[in-house]
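I opened my notebook to record what I looked up in this protein. Here are my entries.

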Amino acid sequence: MRAGAEELGHGVKVNSLVLIHPYFLGGDGDGYSESDEMGMALLRELIRLWPVVCPGTSGCDDPWINPMADGAPSLAVLGCRRALICIGGKDAMRGRGRLYCEKLRECGWRGEVEIWEADGQGHGFHLLWPTCTQAEAQLQVIAEFLSHG
């Protein structure tokens, strides 16, 4: 967002954005219905941890954790021309990742957005099992996305 709002200096431009299992929360309820099977207890724990991660936060609608919140900077000024969002099919926050893609498409941002889902995988699975088939597939999708930018 800052790259779209201000000069980075030294002629630096951001071409592409890759979000791997984004940790987006929100107090508006959007994007959580798909996470019901993961249990609201887990979601409550993630929400409880946010102030630990970001002391001084205004809560789950802070733009740092919810870029879709009312009052957050417009996604239309995202400072790149391409975005790839990777989500896990069993990630408790996958609905928020999907919502982010939808909001990018609807906001007037002039870039291209892609989403890739690892079927049956949870948040950060590639860190625990980096050589599993889905982790290797995710890495391949990211490499292809970045090499064609």
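This is a predicted model: local features need pLDDT of at least 70, side-chain atom pairs count only at pLDDT 80 or more; totals for chains, interfaces and linings use all residues.

**Entry 1**

I started with empty space. Rolling a probe the size of a water molecule over the atoms shows where such space is left. The largest pocket has a volume of about 510 Å³. I counted 17 lining residues, and those closest to the centre are Met 1, Arg 2, Pro 67, Leu 78 and Tyr 100.

Which element gives the most to this lining? I found that it is strand S1, with three residues. Helix H1 (2–5) and strand S1 (16–20) each supply at least two. I then sorted the lining by class: 14 residues are nonpolar, two are polar and one is charged.

**Entry 2: the patch**

Leu 8, Val 12 and Val 14 make a nonpolar patch of about 210 Å². I placed Leu 8 in the loop between H1 and S1. Its relative accessible area is 38%, so Leu 8 is partly exposed.

**Entry 3: the salt bridges**

Side chains of opposite charge can pair when their charged atoms come close. How many salt bridges does the structure hold? I noted three.

I took Arg 2 and Glu 6 to begin with. Their side chains meet at 3.1 Å, N to O. Is Arg 2 buried or exposed? Arg 2 is exposed, because its relative accessibility is 60% and the cut-off is over 50%. Glu 6 has 40%, so Glu 6 counts as partly exposed.

Then I checked Glu 45 and Arg 48. Their closest N and O atoms are 2.5 Å apart. Both sit in helix H2, three residues apart, which means about one helical turn separates them. Glu 45 is partly exposed at 33% relative accessibility.

I turned to Glu 117 and Arg 98, whose side chains meet at 2.4 Å, N to O. This pair links distant parts of the chain: Glu 117 is in strand S3 (residues 112–118) and Arg 98 is in helix H3 (residues 94–106), 19 residues apart. Glu 117 has a relative accessible area of 29% and is partly exposed. Arg 98, at 22%, counts as partly exposed too.

**Entry 4: a loop glycine**

Where is Gly 71 found? I located Gly 71 in the loop between helix H2 (40–53) and strand S2 (82–88). Its relative accessibility is 78%, so Gly 71 counts as exposed. I also compared Gly 71 with Ser 58: they are 13 residues apart in sequence and 12 Å apart in space, C-alpha to C-alpha.

Definitions and conventions:
Residues are numbered from 1 along each chain as its sequence is written. Side-chain values use heavy atoms; hydrogens and water are left out. On a 1 Å grid over the protein atoms alone, a cavity is a set of points where a 1.4 Å probe fits but cannot get out, and a pocket is an open set with protein on both sides within 12 Å along at least five of seven lines; lining residues have an atom within 4 Å of a point. Grid points are joined across faces, edges and corners, and a volume is the space filled by probe spheres set on the points. Helices (H or I, at least four residues) and strands (E, at least two) are DSSP runs, numbered from the N terminus. Ala, Val, Leu, Ile, Met, Phe, Trp, Tyr, Cys and Pro count as nonpolar, Asp, Glu, Lys and Arg as charged, and the others, Gly among them, as polar. Buried means under 20% relative accessible area, exposed over 50%, partly exposed in between (1.4 Å probe, protein chains only). Patches are made of residues with over 30% relative accessible area and no salt bridge: like charges are joined within 9 Å, nonpolar side chains (Val, Leu, Ile, Met, Phe, Trp, Tyr) within 5 Å. Accessible areas come from the Shrake-Rupley method with a 1.4 Å probe; for residues, only the protein chains shown count as cover. A salt bridge is a side-chain nitrogen of Lys or Arg within 4 Å of a carboxyl oxygen of Asp or Glu.
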